[in-house]
Amino acid sequence: MADGPLRSNLQPLALHVPEPRSRPGDPVDFSDVIVPAADSMARPDEAVSPHDMRDLSFGLVRVLDDEHRAVGAWDPRLPHETLLKMLRTMALTRAFDERLYRAQRQGKTSFYMKCTGEEATSVAAAAAMQGDDMVFPSYRQQGILMWRGYALTEMINQIYSNRGDKLKGRQLPIMYSVPELSFFTISGNLATQYPQAVGWAMASAIKGDTRIASCWCGEGSTAEGDFHSAMTFASVYNAPTILNVVNNQWAISSFSGFAGAERTTFAARAIGYGIAGLRVDGNDALAVYAATQWAAERARSNKGPTLIEHFTYRAEGHSTSDDPSAYRSAQESAEWPLGDPIHRLKQHCIALGIWDDERHAAMDLELAEMVKAATKEAEKNGVLGHGMHQPFETMFEDVFEELPWHLQEQMAQALEERAAKWPK
Amino acid sequence: MAEVMQDYATSEATNEGAADQTATKTMNMIEAINSAMDVMMDRDPDVVIMGEDVGYFGGVFRCTAGLQAKHGKTRVFDTPISECGIVGVAVGMGAYGLRPVPEIQFADYIYPGIDQLISEAARLRYRSAGEFIAPITVRSPFGGGIFGGQTHSQSPESLFTHVSGLKTVIPSTPYDAKGLLISAIEDNDPVIFFEPKRIYNGPFTGYYDRPVEPWSKHAASKVPTGHYRIPLGKANIVRAGEALTILAYGTMVHVAQAVVEANGVDAEVIDLRTLLPLDIETIEASVKKTGRCLIVHEATRTSGFGAELSALVQERCFYHLEAPVERVTGFDTPYPHSLEWAYFPGPIRIGRAIAKIMKD
Ligand SMILES: Cc1ncc(C[n+]2csc(CCOP(=O)(O)OP(=O)(O)O)c2C)c(N)n1
Ligand SMILES: [Mg+2]
């Protein structure tokens with residue numbers, strides 16, 4: 001058809017298509033990112049009505065100030081051991097990411113995803129929850145497993161899809177499943193975990209349990225219907241849930257404006273559902289801890305769910321399949337106004353007099369060695385594509401609890417094919 | 001609105017066969033798909049493209065590269081990550097009179113959009129007695145063989161062929177991809193256009209331990225730069241033969257052909273190109289000639305499109321058949337990661353089926 005029926009006395013409509021602040025080669029200007037002072041947000045009681053805390057959906061909960069001190073009402077006043085353990089776990093997460101990213105580049109596996117710059121959003125959140133609270137993560141919360149002490153070799157076996165992988169080489173690398181650490185099996189389909197977390201929390205409430213549930217997704221994924229279904233159910237049933245949105249500004253090549261960030265914050269999504277909403281400096285581990293602690297306390301005392309937006313930055317590519325220099329300015333990462341979460345917590349510990357650069361450098365070396373040793377250990381079980389995979393039969397197991405006739409036939413067929421290809 | 005579009009579709013001057021008169025360029029499948037959209041955007045101001053990462057970046061597989069820069073960002077744009085929204089707004093744009101070509105980043109992620117496809121796009125024409133139509137073409141990369149695990153490997157075509165009111169198209173070469181995509185975009189009904197991502201860059205033959213030839217070594221990479229159509233509903237006999245008929249589409253066309261060459265069996269290999277509407281005449285004529293039929297697809301077996309093909313061949317060619325119709329498919333499991341090649345219906349599975357079918 002031709003152009004629409006214009007009535008000449010009316011202004012023609014115009015479609016708005018969002019544009020990010022900068023593209024490759026552009027100078028970076030983050031002056032529109034408002035960074036309020038660390039002690040500027042009030043901390044309401046955990047039982048507050050969502051209507052009386054709307055400003056917390058638009059402000060930014062921060063604890064660490066420019067001098068690396070913990071200040072304000074949200075300071076969780078953590079013991080030094082907890083601070084140092086969080087620092088170590090975040091550094092371990094980064095060391096692990098570095099090594100496994102390289103392993104993918106060396107052809108040892110098909111795929112890897114880092115969480116560089118976002119370590120606090122999982123490590124500090126896990127630290128503020130009970131170890132048996134159920135988590136429904138996306139693919140970027142390896143920090144939770146680090147905090148909960150999962151064996152690195154188990155993670156690497158999964159990444160290599162080798163014969164040591166307890167998930168039998170079925171899942172894409174990093175799609176862990178660790179029920180013994182209350183860590184749900186990861187899906188590749190975005191936001192599906194959101195209503196599931198709400199359902200788990202509803203079940204916990206039905207049974208009079210004391211455990212709560214928590215889920216994570218990226219800001220881009222909040223566009224999926226599952227996110228909104230989860231919010232509605234969480235609101236209707238006052239489900240004891242912490243719903244985390246990790247706003248790392250990018251969803252592959254699409255900036256947060258394509259998820260609605262030009263209009264409002266992600267935390268403000270809570271308001272329409274009558275849920276508590278908190279917007280947090282995601283690169284401030286103490287702020288993440290404090291917000292999660294607040295939300296956990298609220299959920300555990302039957303006061304309802306909380307949506308937490310972690311305002312952070314995806315410092316590296318989306319995954320090993322991605323080259324961000326094709327769509328965003330290389331400067332962004334360095335100029336991100338909220339800094340780096342590990343560096344900030346480290347400086348805080350130094351300011352407290354419980355840490356120093358030498359110890360930090362030594363720890364980094366130690367962690368790199370630890371990851372390397374775990375990698376070597378896992379490699380004894382093989383790497384992807386080198387024959388040391390799970391037996392062919394395992395391909396047919398777990399489709400159902402029991403193997404129906406057609407899968408039995410197909411299993412036999414697969415074994416015959418193997419015999420035809422590799423006659424013993 | 002609908003009439004206007006009907007006029008548009010029938011008033012086109014270009015015909016099938018006119019292709020050889022235009023200049024050609026060597027293209028891989030990605031470039032051919034890109035060229036189809038580019039040509040259609042030049043010709044028809046109502047064609048719009050949208051999807052996750054398709055705008056500035058040009059798509060995670062680069063199929064829309066350069067199109068936003070050329071045609072503007074109100075005609076080629078990124079979308080929120082909501083497949084339900086992508087398909088739903090495409091239906092609405094179609095109701096206005098546009099001709100949207102939404103991309104779903106991976107076929108594995110089409111499911112959140114399925115209600116809009118099945119309950120809406122597929123039925124607008126029927127429920128409004130032709131007053132509203134959904135002239136949309138949903139493009140999506142599908143199929144495995146790239147170590148993508150269970151959420152980047154699926155072949156869900158039979159979910160769509162099962163729905164009344166949807167057309168399903170699957171190309172197997174750059175030349176076909178462009179001509180079929182142009183026909184799909186021009187078609188006034190909703191079309192699911194699945195792109196076998198394993199053969200985006202070269203015709204993978206299923207011998208995974210051998211290098212894949214680039215498309216440039218293949219005749220079907222000579223693609224006209226202008227407008228041409230390959231009609232929907234027309235299969236292509238890619239290899240004539242007398243001994244048996246092999247029905248395949250997408251990646252499996254190349255795998256089947258390679259096995260046939262290796263085995264020296266005189267098979268007739270038919271690339272279906274369109275699953276719905278199906279070119280039943282070509283299939284029927286071939287099976288009546290050869291008396292044997294093998295169906296090959298990568299999708300899971302049970303209720304796969306092969307079941308439909310097998311029933312049709314049996315209904316129409318029963319008295320000509322000299323052996324039972326055979327199916328070679330993926331196994332009825334989710335697509336595994338490390339055992340990808342044990343899952344994939346490769347040369348061994350196809351070779352064994354050919355041997356079985358030729359035995360009696
Ligand atoms: C349903 C679905 N649609 C599309 C995709 C493809 N995809 C994988 S990650 C991604 C971007 C997600 O961005 P965001 O939610 O911001 O999370 P981030 O990667 O930034 O952590 C997309 C589009 C998918 N995995 N699932
Ligand atoms: Mg993101």
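Two strands count as paired if DSSP finds at least two bridges between them. Helices (H or I, at least four residues) and strands (E, at least two) are DSSP runs, numbered from the N terminus. What you have open is a predicted model, where local features need pLDDT of at least 70, side-chain atom pairs count only at pLDDT 80 or more, and totals for chains, interfaces and linings use all residues. Residues are numbered from 1 along each chain as its sequence is written, chains are lettered from A and ligands numbered from 1 in the order in which they are written, and side-chain values use heavy atoms, with hydrogens and water left out.

**Stop 1: strand β7 of chain B**

Select B:Ser140 and look across to B:Phe194 in β7(B), which stands opposite. These two sit in a parallel pairing of β5 (residues 137-142) with β7(B), over six bridges. Now pick β6 (residues 167-169) of chain B: this strand also runs parallel to β7(B), over three bridges, and B:Lys167 has B:Val191 as its bridge partner.

Show the side chains of β7(B). Side chains in a regular strand alternate between the two faces of the sheet. Here B:Val191, B:Phe193 and B:Glu195 point one way, B:Ile192, B:Phe194 and B:Pro196 the other, and all are buried (under 20% relative accessible area, 1.4 Å probe, protein chains only).

**Stop 2: the magnesium ion**

Hop to ligand 2. Which residues coordinate the magnesium ion? They are A:Glu219 (OE), A:Asn248 (OD1) and A:Trp250 (O), at 2.1 to 2.2 Å. Donors are N, O and S atoms within 2.8 Å of the metal (3.2 Å for Na, K and Ca); water is not among the atoms, so the site may look incomplete. Along the chain the donors follow the spacing E-x28-N-x1-W. A:Glu219 lies in the loop between β2 (213-218) and α6 (225-236) of chain A, and A:Trp250 in strand β4 (residues 250-251), 31 residues apart. Both A:Glu219 and A:Trp250 are buried.

**Stop 3: the sheet in chain A**

Color the open sheet of five strands, β1-β2-β3-β7-β6 (chain A), with parallel pairing. Its edge strands are β1 (134-136) and β6 (276-281). Zoom in on β2(A) and β3 (residues 241-247), joined by six bridges; A:Ser214 stands opposite A:Ile242 there.

Key: Buried means under 20% relative accessible area, exposed over 50%, partly exposed in between (1.4 Å probe, protein chains only).
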